[in-house]
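Please keep the sequence and the coordinates in view while reading.

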Amino acid sequence: MATGRTHRPATRSRGIPEATVARLPLYLRALTALSERSVPTVSSEELAAAAGVNSAKLRKDFSYLGSYGTRGVGYDVEYLVYQISRELGLTQDWPVVIVGIGNLGAALANYGGFASRGFRVAALIDADPAMAGKPVAGIPVQHTDELEKIIKDNGVSIGVIATPAGAAQQVCDRLVAAGVSSILNFAPTVLSVPDGVDVRKVDLSIELQILAFHEQRKAGEEAAALRDGTGPVAATREDSADKGPDGDVPAVMPA
C-alpha cells in the first residue's frame, strides 16, 4: 500500500522495521482464522503460507517480538495473537472519525471489521448540510463545522478521509490542527503533512492499474510463446500434424 509522504526512520520504539510492522496485520489475520478454528499451535511454514510470505522472513519478523516458537511444536496461536495485537496497539480502544460520507465513506462506516479489531467509529462527518443528522450505520452524520469539537471530545487520533480529491488537503489540515496524528487517506491525491503525522494512502485505481500491468504482461508472454511455437496451441497443432482424423493413424498412408 502506498504512503502519502516520506515517513520517519524505518524503526519503531522496540527497533521493529517498518517492513515487519506492515506484515504484522497479515500474520494476525491468519492467526485469528486459526484461533477461530481452535487450532492450538502452528508451524512457521504453515503460518507463512497462510500469510503469503516465506517462512524465513516470518521467523525473522517474530524474532523482533521475542517470539521464537518451540522446535517440533511451532508457535502458540493464542499467545501470538496477543503478542501481535499488543504490538499493533489493538489491545486498547481507538476512536476513529470518517470524513466524507459519500458511497465510499458510508461503506467504510458499515464495515464490521473496525470494531472487531479495536477501532471504534466515534463520528461520521460530512460537508453537506443535507446529510447532518442522517444515520449511517446507526451513527448520525455531523457537519464539518463540528470537526474540531468532535475530535477533542472523543480523543480522536486517527482520521479517515473519504472526500473528493479537491477537499482532501483542507480536511487533512483541519484534522492535523485538531490533534489527529494518523490519517488513512482514500482520496485520490497525495496529502502534505508535517513531521510526526503518519499517512497511509489507499488508492483503488492505482491497485487496479498494477493488476492491469500484470495482465498485459501475461498476455504478452502468451503471445510470444505462440509466436515461438512453444505455447500450448502451437504444441497441439504440431501433435495433430502427425495424426490422422482418428487421432492415431497418419492422414496420408505411404504408397
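This is a predicted model: local features need pLDDT of at least 70, side-chain atom pairs count only at pLDDT 80 or more; totals for chains, interfaces and linings use all residues.

1. Residues are numbered from 1 along each chain as its sequence is written, and side-chain values use heavy atoms, with hydrogens and water left out.

2. Helices (H or I, at least four residues) and strands (E, at least two) are DSSP runs numbered from the N terminus. Helix 3 spans residues 55-64, and its buried residues are Ser55, Leu58, Asp61 and Phe62; buried means under 20% relative accessible area, exposed over 50% and partly exposed in between (1.4 Å probe, protein chains only). Viewed down the axis of helix 3, these residues fall within an arc of 120°, so they line one face of the helix; the arc is that of the directions from the helix axis to the C-beta atoms.

3. The cover over the buried residues of helix 3 includes helix 1 (18-36), helix 2 (44-51), strand 2 (75-76) and helix 4 (77-87), where contact means heavy atoms within 4.5 Å. At the start of helix 3, a side-chain oxygen of asparagine 54 comes to within 3.2 Å of the backbone nitrogen of alanine 56. Glycine 66, which follows helix 3, has a positive phi near 80°.

4. Rings of Phe, Tyr and Trp (its six-membered ring) pair if their centres lie within 6.5 Å; planes under 30 degrees apart count as stacked, over 60 as edge-to-face and the rest as tilted. The count by this rule is four aromatic pairs. For phenylalanine 62 and tyrosine 75, the ring centres are 5.1 Å apart and the planes stand at 85°, so the pair is edge-to-face. Phenylalanine 62 lies in helix 3 and tyrosine 75 in strand 2, so this pair ties together parts 13 residues apart in sequence. Phenylalanine 62 counts as buried at 0% relative accessibility, as does tyrosine 75 at 5%. Ring pairs link Tyr27, Phe62 and Tyr75 into a cluster.

5. Two strands pair if DSSP finds at least two bridges between them. Strand 4 (residues 119-126) and strand 6 (residues 139-143) are parallel and share three bridges; isoleucine 125 has glutamine 142 as its bridge partner in strand 6. Strand 5 (residues 135-136) runs antiparallel to strand 6, joined by two bridges. In the hairpin of strand 5 and strand 6, with two residues between the strands, alanine 137 adopts a positive phi near 55°.

Note on methods: A polar contact is a pair of N or O atoms within 3.5 Å; within protein, one must be able to donate a hydrogen and the other to accept it, and residues adjacent in sequence count only if both atoms are side-chain atoms.
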